[in-house]
Amino acid sequence: MERPLTEHIRKDLRPLTLKEYEQAGGYQSVRKALKGMTPKDIQSVVKDSNLRGRGGAGFLTGLKWSFVPMDSTIETKYLIVNADEMEPGTFKDRLLLESAPHQLIEGMIVSAFAIQATISFVFLRWAYKEAANHIRFAIQEAYDAGYLGNDILGSGFNLEMHLHTGVGRYICGEETALLSSLEGKRATPRAKPPFPQVSGLFGKPTIVNNVETLCCIPHIVNKGADWFQKLSLTNDAGTKLFGVSGKVKTPGLWELPMGITMRELLEEYAGGMQDGLKFRGALPGGASTDFLVEEHLDVKMDYVSIAAAGSRLGTGTMIVLDDKTSVVGFVRNLMHFFAQESCGFCTPCREGIPWIEKILTSLEAGKGEGHDLHLLDFHTKYLGPGNTFCALAPGAMEPLQSALKYFRKDFEHYIAEEIQNTTHPLPATRKRLITDISKF
Amino acid sequence: MVLFIDNKPHEVPAGKNLLEACLTLGKDIPYFCWHPAMGSVGACRQCAVKVYKDENDQKGRLVMSCMEPVVNNQRISIEDHDAKEFREHVIEWLMTNHPHDCAVCDEGGSCHLQDMTVMSGHNYRNYNYKKRTYTNQYLGPFLNHEMNRCIQCYRCVRFYKDYAGGKDLDVFASKNNVYFGRAEDGILENEFSGNLAEVCPTGVFTDKTLKQHYTRKWDLTMAPSICQHCSVGCNTIAGERYGSLRMIANRYNGDVNGYFLCDRGRYGYEFVNAADRIRKPRIQQRETDREALLSNLSGLLNKPGVIGIGSPRASLQSNFVLKTLVGEHNFYHGVSDSEHDLAELAVKILREGTVRTPSTKEVEEADAVFILGEDITNTAPILALAVRQSVRQQPAALAEKANIPLWNDAAVKGVVQDKKGPLFIATLTTTKLDELATATYRATPECIARLGFAVAHALDNAAPAVADLSENLLVLAEQIAQALRTAKKPVIISGAGCESDAVMKAAANVAHALQKENKNTGLVYTMLECNSIGLAMMGGHRLHAAFNAVVNGHADTVIVLENDLYRHGRKSDVDAFLKACRNIIVLDHSMHATTQQAHVVIPAGTFAESDGILVNNEGRAQRFFQVYESKDMVRESWRWLLDIGTEAGNTRLSTWKNFEDITHAIATSEPLLQGIDQVTPPSQFRVAGQRIPRAPHRYSGRTSMQANINVSEPKPPEDPDSPLSYTMEGYRGMPPSSMIPFFWSPGWNSVQSVNKYQQEIGGALKGGDPGIRLLEPATTGTIKYFEGIPEAFKALEDHLLIMPMHHIFGSEELSARSPSVAQRIPKPYILLSMDDAVSMSLLENYILRFYIGRYEYSLPVKVSNAIPNGVAAVPYGLPEIPYTELPEWATTRAPKYLHTLTPTYTPKHQNT
Amino acid sequence: MLSLEETHEIDEAVKIVPYRKAACIEALKIVQEHRRWISDESLREIADYLQMSAEELDSVATFYNMIHRRPVGRHVILLCDSISCWVMGYENIRTEIMQRLGIKYGQTTADNRFTLLPNPCLGTCDHAPALMIDNDLYRDVTKDLLEDILGKYP
Ligand SMILES: Cc1cc2nc3c(=O)[nH]c(=O)nc-3n(C[C@H](O)[C@H](O)[C@H](O)COP(=O)(O)O)c2cc1C
Ligand code: SF4
Ligand code: FES
């Protein structure tokens with residue numbers, strides 16, 4: 001089984017020096033791209049490879065790049081790698097950042113060349129201290145070796161690279177909020193359109209890609225689109241870093257072909273559930289994906305199949321729910337996270353998620369009320385995509401709505417039966433006090 | 001374009017967003033974060049509607065109407081179940097933390113949040129948990145802060161920071177804990193802070209002066225008024241209850257002030273309520289009644305030797321009646337000779353020249369601005385607000401190129417970043433607009449004029465060239481000329497603030513040179529007072545001539561109309577003049593140095609108690625209406641003068657009975673003021689046979705409010721001068737645009753009901769924006785380029801050229817009397833250059849003693865890096881400051897005749 | 001007054017961005033690195049240096065949770081409270097730390113040694129529960145390990 005992203009990562013996780021990395025075949029793609037290929041060539045091989053962004057949304061990378069204006073009058077364009085990894089349950093980029101910094105830098109150089117960006121940033125989460133050191137060192141090495149700076153390898157292509165470490169907050173991972181943050185502003189997302197590809201960092205065309213996405217690029221350029229496509233067991237190309245956390249025997253992170261089943265991941269790699277515990281469900285790709293349950297265990301882990309099963313592949317890092325852990329507590333913990341991390345810009349998210357958290361907390365404390373589930377339902381209905389300003393709140397609703405679907409009894413359990421029957425459901429009993437405003 | 005709303009087709013203009021389009025059609029969609037002047041950001045999510053792909057799409061998707069451009073043949077639904085339910089929930093979310101304290105909230109009854117809550121149908125609370133609470137801040141004399149009411153629409157920061165350029169208000173923290181305020185308690189510094197009370201859709205920021213005599217807005221008697229505190233003439237709504245003026249609010253006028261007022265205009269009104277207002281006539285300090293007064297006066301006036309002195313802060317009507325009373329030859333403009341000449345010069349240039357003077361709105365749309373000599377933030381604040389918007393015009397092209405509609409505020413800011421269009425400012429010292437300027441030039445009026453002349457010459461060789469211009473200035477002149485030449489709508493701004501005709505002429509030359517190539521050039525002159533231009537357009541002589549007339553014995557009786565002569569003449573001249581007058585008759589509403597010396601004092605109405613027309617600096621004649629019938633013996637000046645004239649047997653005056661007769665007479669006898677009788681409909685005007693009510697239909701307490709005096713309800717006063725009634729009775733619909741006493745529409749109790757009064761959102765009022773422009777340029781140019789370029793300024797040893805410096809608070813007479821504004825008046829100072837301070841061994845706050853003529857002054861020093869050497873500036877209009885003597889040379893070395901000196905203002909602290 | 005070292009580092013950050021203000025987060029980090037937290041005074045100094053108002057800078061500073069606008073102890077404990085750590089029982093660790101140190105979230109021990117803060121997912125969920133003290137990450141933390149871990153921080 002090929003594991004292009006992790007094959008040269010040492011057992012002890014110490015990153016390779018530039019020399020070692022070169023010896024292992026590193027920076028080939030930079031030579032190949034800058035010397036023998038046009039930006040257009042690279043864009044088309046990436047497009048043909050069918051690579052989907054690994055940041056969560058699974059947007060086709062080649063397509064995203066194709067929106068960048070390529071006329072030569074634009075003096076500055078930016079490439080940014082999103083290394084803000086902060087989605088609960090997600091710990092995949094950490095490995096690539098800490099143990100393979102040169103692979104990322106290589107991917108960034110080739111990608112920057114592909115869109116003709118001249119300035120690049122690594123937007124790194126503050127907590128990744130070790131990664132910061134390794135990347136800082138690797139960037140310096142790359143400058144010294146002439147892979148960064150002016151006239152890289154005599155190709156005439158220039159690229160600056162800077163490391164920016166963040167100062168907290170999950171929303172910085174949302175690509176437009178990330179841009180605001182890099183501009184030295186509050187990390188509030190921006191409305192799209194205009195898309196960052198047209199008006200991004202400092203108003204200039206900008207591409208933001210996930211760490212894992214960009215780490216795929218050197219391999220695609222070296223070995224071709226077909227090769228990349230064939231790494232996968234299904235139509236969604238490539239390998240993927242898959243992780244499992246929760247009460248399994250051997251939680252961990254593995255590079256595996258796209259399309260392995262949840263069951264394989266859970267049982268073969270994560271060693272199955274801890275003794276005495278049963279699998280109840282899992283968030284397949286981080287905190288903002290829908291629960292999948294037992295019946296889905298044979299679903300293939302790729303963007304299309306997981307979506308067909310009613311969830312999202314997200315970041316590919318699965319959080320497992322066992323039968324001894326409270327579902328309501330589980331969801332309450334997630335809602336606490338999302339409420340804390342809301343940027344505070346738009347109403348439904350800012351006010352709605354804390355309300356949900358309060359309801360769940362009061363359910364857990366045995367103070368549930370008849371209309372509580374109805375209130376949770378309306379939140380899942382109205383904090384969906386498009387209704388809020390960015391995807392944070394819709395993401396937050398995914399575990400909630402699926403928990404309400406698959407584990408509704410667990411919620412009802414907290415509401416005394418008499419109340420359930422008396423004050424439920426709410427809208428029918430609610431009267432409109434004022435109907436005609438024109439009288440007012 | 002066609003837009004299907006709930007399956008009905010509507011014609012809508014292109015380029016709008018769905019929310020604007022729907023509101024323009026008269027539809028009701030609730031919203032918060034969107035503001036017509038500031039565009040959309042999509043934060044509140046209140047304005048959701050459904051959009052359908054095509055007529056077969058049954059499901060549709062929710063969109064925020066403020067963020068969605070109108071597309072031809074688009075199908076949307078406002079009434080859709082999901083859209084309605086979502087909007088209701090948005091309110092419900094906002095309400096989870098809102099305190100529901102409407103009963104004790106100043107905003108109650110005119111609250112956009114209340115309106116939107118009712119509109120959305122949310123009326124049942126499902127949220128059972130604790131609300132978050134905040135502590136509030138002290139924000140100075142103008143605004144209250146009650147953060148618990150905040151619904152986080154972000155409008156306040158977007159207005160204060162982004163629109164008005166304020167620095168000391170921002171949003172802090174995040175998630176459901178965001179806080180809008182200052183870094184710490186303190187006075188909000190921006191000149192436009194008061195607008196927060198209107199921009200905030202609920203009661204977080206409310207008018208602090210209103211709170212001191214609080215009245216629900218539905219309980220106010222209101223009239224359309226005009227701000228009296230600078231020459232821009234912003235349209236206001238003035239509200240009264242129990243005989244005192246309670247509030248000034250914005251009255252939308254798309255051409256003049258749009259949605260905003262400055263703090264001088266909003267808070268300057270309290271002089272009306274001053275305890276020491278003149279309320280009864282006085283003869284020789286003794287109160288008297290009407291009959292005694294009139295008979296006394298008719299005795300005086302029937303003798304020869306009566307002159308009248310008018311006023312730039314009195315209405316055309318009052319000035320004109322005075323002029324008629326004393327006769328054309330005996331009527332003097334009550335302004336300093338420099339003010340008189342500069343105003344006449346402005347009128348001449350704007351009438352006889354070929355360049356049009358733009359409205360404030362047009363200044364906002366200018367894509368290159370050159371300001372000569374005028375610190376407009378302090379002399380014409382709303383104009384400065386317009387200039388702030390103008391620098392966004394050129395960079396907006398970037399947005400258009402990227403296909404971003406201009407209403408998409410955050411996105412436009414994203415592409416534009418910190419790019420600004422051309423703005424050049426040449427003033428004596430730093431101004432607040434400098435932060436936006438492409439280049440600034442600090443110089444005396446002479447040198448500013450030279451720069452202007454040089455720019456004109458750079459634009460057109462036929463304009464006179466400036467001799468011995470420094471290399472730097474040549475480059476700057478070239479740069480400015482280039483920027484103006486390439487602009488589509490360049491505007492040149494100058495004014496009377498630096499008291500230099502050379503500067504105003506230089507500005508005219510620049511504008512004329514531009515106009516040759518670009519017909520869209522604009523030229524703005526700002527003046528010192530609200531009716532400076534109106535007065536200049538009415539014939540009259542200089543003030544000095546009045547002084548001479550009396551001192552030389554040609555006259556001995558003077559009628560002074562709403563004027564403190566000490567604000568316009570040199571102190572020594574006014575002293576001598578008043579001393580020489582045998583009879584001094586003053587009509588005014590407030591006590592001042594001139595009233596104190598009057599033999600006869602007549603209680604005049606303030607703007608709130610009067611009808612009148614003012615002409616603003618654009619030459620726009622605008623009417624203000626009496627808000628309430630004056631109490632005691634207070635009357636409009638023109639009404640007193642009519643009575644006095646009638647009593648004295650003046651045949652012309654005795655034929656005029658009311659406001660309209662006078663206005664008609666002005667229109668027929670003053671050639672430059674033709675047409676002013678068309679400013680508002682005549683007093684006989686009725687809609688459906690009814691008057692237009694000054695009070696909202698919910699006005700309460702009318703039958704009982706005077707019950708402590710008399711249990712029978714008195715007959716309401718009748719207005720002989722206008723079609724407005726003093727009560728809530730009358731026509732309920734929309735009045736003509738020039739007579740809107742308040743904005744209200746069913747379901748829209750807040751100021752935001754103005755949407756319903758506009759032809760299209762953010763556009764002109766239905767029926768056109770009020771006011772009539774009297775100054776249009778000559779169609780065939782007659783003005784030749786001005787010559788007479790001044791010599792460059794040279795500093796003199798041991799001398800300082802003292803210049804007046806204008807302040808938004810303190811420089812204008814009436815607003816300075818308002819207690820809230822008084823708190824913001826600067827302490828007296830003299831501003832010196834660093835070099836001059838060093839050479840005189842002075843530090844900040846040290847006292848500089850200087851001498852003008854026979855007078856000695858000492859003022860605390862302020863040091864500036866920007867003011868040129870050899871010049872100093874002192875605040876205009878402060879009682880301690882000799883501003884009427886200025887500009888003038890002062891010596892800093894005590895003159896030999898020291899024993900004759902008269903010390904004036906001496907501050908307490910002395911140099912250590 | 002910003003130290004020479006601080007201004008030098010800020011100047012470097014300013015070079016990377018198109019206008020001064022854009023380096024403000026970098027500047028906050030730099031000064032916090034030197035002073036441990038951002039006092040009102042520090043805030044004003046940075047704001048002046050970057051030609052911003054205190055309000056404008058504080059608006060940014062208070063948005064992010066790793067800018068400390070209140071004093072912190074010599075060591076800051078960041079305890080992950082997100083989902084995987086919750087599943088793996090971080091709450092016991094929390095109770096233990098609070099008891100040992102006698103502080104709650106947001107508080108600093110009387111000897112100024114530790115400040116305890118909750119923190120979202122530390123990105124090491126396969127080794128939950130996790131916590132960070134200053135720059136050091138601790139994984140698979142158990143109650144028993146706490147004694148040793150805390151002991152490393154005088
Ligand atoms: C609230 C929120 C947080 C996000 N956090 C991250 C993140 O930490 N890392 C990341 O790569 N993408 C994150 N994303 C996704 C990004 O917005 C963006 O889609 C991604 O960086 C694009 O990269 P890709 O196309 O390579 O996947 C987040 C999105 C949202 C809505
Ligand atoms: S959904 Fe709204 S409040 Fe939540 S993070 Fe996104 S923009 Fe901010
Ligand atoms: S008005 Fe449209 S989102 Fe606020």
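Predicted model: local features only at pLDDT ≥ 70, side-chain atom pairs only at ≥ 80, totals over all residues.
Strands here are DSSP runs of E with at least two residues, and they are numbered from the N terminus.

**Ligand 1 and its shell**

- Ligand 1 is surrounded by 18 residues, and the closest are Gly55(A), Asn82(A), Asn209(A), Asn210(A) and Thr213(A).
- Sorted by class, this shell holds 7 polar, 6 charged and 5 nonpolar residues.
- The element that gives the most to the shell is strand β4 (residues 206-210) of chain A, with 3 residues.
- An oxygen atom of ligand 1 has a polar side-chain atom of Asn210(A) at 2.6 Å.
- Backbone atoms take part too: an N or O atom of the Glu175(A) backbone is 3.0 Å from an oxygen atom of ligand 1, and a polar backbone atom of Gly173(A) is 3.2 Å from a nitrogen atom of the ligand.
- On its own, ligand 1 has 610 Å² of accessible area, and the protein covers 90% of it.

**Cavities**

- Searching the whole structure turns up 17 cavities of 30 Å³ or more.
- The largest cavity holds about 420 Å³ of space.
- Its lining is made of 27 residues, and those nearest the centre are Ser110(B), Lys217(B), Met247(B), Asn749(B) and Val751(B).
- In chain B, α5 (196-199), β9 (205-207) and β12 (244-250) are the elements that give two or more residues to this lining.
- The lining of the largest cavity counts 14 nonpolar, 7 charged and 6 polar residues.
- At least three lining residues come from each of domain 2 (128-210) and domain 3 (282-299 + 313-318 + 606-757) of chain B.

**Domains of chain C**

- Chain C is assigned domain 1 (4-61) and domain 2 (75-151).
- The centres of domain 1 and domain 2 of chain C, taken over C-alpha atoms, are 30 Å apart.

**Backbone details worth a look**

- As background, most peptide bonds are trans, and most residues other than glycine have a negative phi.
- A cis peptide bond runs from Pro193(A) to Pro194(A), with omega near 0°; Pro194(A) sits in the loop between α8 (175-182) and β4 of chain A.
- The peptide bond from Leu886(B) to Pro887(B) is also cis, with omega near -5°, and Pro887(B) belongs to the loop between β34 (871-875) and β35 (888-891) of chain B.
- Asn73(B), a residue other than glycine, has a positive phi near 65°.

Note on methods. Residues numbered from 1 in each chain as written. Chains lettered and ligands numbered in written order. Heavy atoms only, no water. Near = heavy atom within 4 Å. Polar contact = N/O pair within 3.5 Å; in protein donor to acceptor, adjacent residues only side chain to side chain. Areas by Shrake-Rupley, 256 points an atom, 1.4 Å probe, with all protein chains shown as cover. Helix = DSSP H or I, 4+ residues; strand = E, 2+ residues; numbered from the N terminus. Nonpolar A, V, L, I, M, F, W, Y, C, P; charged D, E, K, R; others polar. 1 Å grid on protein atoms, 1.4 Å probe; cavity = no way out; pocket = protein on both sides within 12 Å on 5 of 7 lines; lining within 4 Å. Points joined across faces, edges and corners; volume = space filled by probe spheres on them. Domains from an automatic or database assignment.
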